[in-house]
Amino acid sequence: MADVVRLKGMTWDHARGYDPMVATSAVFCGSHPGVSITWEKRSLQAFADRPIEEMAGEYDFMVIDHPHVGEVAGSGMLLAMDGVGHDNELRDLADQSVGASHPSYEFDGRQWALAIDAATPVAAFRPDRIDEAPRRWSEVLDLARDGQVGFALIPINALMTYFGLAKNNGYCVAEGPQLMPSEKSEEILEAMREIVALMDEACLKLDPIGIYEWLGRTVEAPAYSPFGYGYTNYSRDGYCRFPLVFADAPGFDDNGPRGTVIGGTGIAVSARTQHPKEAMEYAFWIAGADCQKDLFFGSGGQPGNAIAWEDDGCNAATRNFFRNTRRTLETSWLRPRYDGYMDFQAAGGDIVHACLCGEATVGATVKKLQSAYEVSLP
């Protein structure tokens, strides 16, 4: 009797992150006798904080964020996905990328993961409370003055909003030795402080999941969130009491949507796996169009494949989440991925968050951000 091929993966603890991995693994193993795949999960923050090097020694698969690729490329921790017998499929996935989802996992000419999930900060609203999402920042402020706006501003999301507002205004961000011109950075921080003063202070302690739980399950919640990494789960019937409608992010004047910061996740294969052939086969299958638009989506996943984003069934089940937010995702910004960026991201989030909490002046915050950025550069 042949030995059982046992594979183990790590993902994040949410229906969107865990359920589709379990469902797809069951089907894959059913069609591949002798293969067993199990998944473990950690909270979103614990997952983000755990070094890939540590996970690569324990798991065959890891669901990862693309900014990590700069620190792992060439480290020997992950197997490159190109040149392993799936290059035709790799070309198809490149053609089927939503925005920069697929190329976000390419670094130094190699592909280090496959996009299985696509997301960028978009708007969400309660259709029982307002008819449509505001399209301009001035309209968002008007709604905030009526107490109807709330969005995620824990440190990482505070930094992503800072980046997104800057890119929406066309400002150069992290493209040289200066993070952003000081006067532009001050302008963005002042805009953020203005709207924070109009919102419930609970927003400073919530991530996007917390915001959508609030909006989707509480009667007296805000009606609108202008920025938050989208979650199709909250737009599906039966998931929450008040299903949300997602829409493109607002712009300043008529220049939106543009400038939100691409996220999502990719599946990577550990270089220490004892079964690279089977691991690669599963990874390419789960990232492929057929799985993405059917089983992956149907089990709660948020596809990273454009075929799924264009699918009538996927849109009908999510109040047109994919069509409503596609333009924002296609124009979203790809963060730096150099080795050292993740250190800046961790520090930068805390710095911006402290400013929004009133613990630091705008001027001091600009200087701290620039200093942390300089330290992170290779």
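The lining of the largest cavity holds eight nonpolar residues, five polar ones and no charged ones. This is a predicted model. Its largest cavity has a volume of about 90 Å³. The count of cavities of 30 Å³ or more comes to six.

Which residues lie nearest the centre of the largest cavity? They are Pro121, Met160, Thr161, Phe227 and Gly228, out of 13 lining residues. Helix 7 (residues 155-168) gives the most to this lining, with five residues.

Next, the cores. The largest nonpolar core has 109 residues. Tyr162, Phe163 and Ile267 have the most contacts inside it. Beyond its neighbours within four places in sequence, Phe163 is in contact with Val173, Leu179, Gly259, Val261, Trp333, Tyr341 and Phe344. Another core, of 19 residues, lies apart from the largest one. Among its residues are Ile64, Ala80, Tyr105 and Trp112.

Now the backbone. Most residues other than glycine have a negative phi, and most peptide bonds are trans.

What kind of peptide bond joins Gly256 and Pro257? The bond is cis, with omega about -5°. Pro257 sits in the loop between strand 9 (245-247) and strand 10 (265-269).

Conventions
Residues numbered from 1 in each chain as written. Predicted model: local features only at pLDDT ≥ 70, side-chain atom pairs only at ≥ 80, totals over all residues. Heavy atoms only, no water. Core = buried A, V, L, I, M, F, W, Y, C linked by side-chain atoms within 4.5 Å. Buried < 20%, exposed > 50% of the residue type's maximum accessible area, 1.4 Å probe, protein only. Contact = heavy atoms within 4.5 Å. 1 Å grid on protein atoms, 1.4 Å probe; cavity = no way out; pocket = protein on both sides within 12 Å on 5 of 7 lines; lining within 4 Å. Points joined across faces, edges and corners; volume = space filled by probe spheres on them. Helix = DSSP H or I, 4+ residues; strand = E, 2+ residues; numbered from the N terminus. Nonpolar A, V, L, I, M, F, W, Y, C, P; charged D, E, K, R; others polar.
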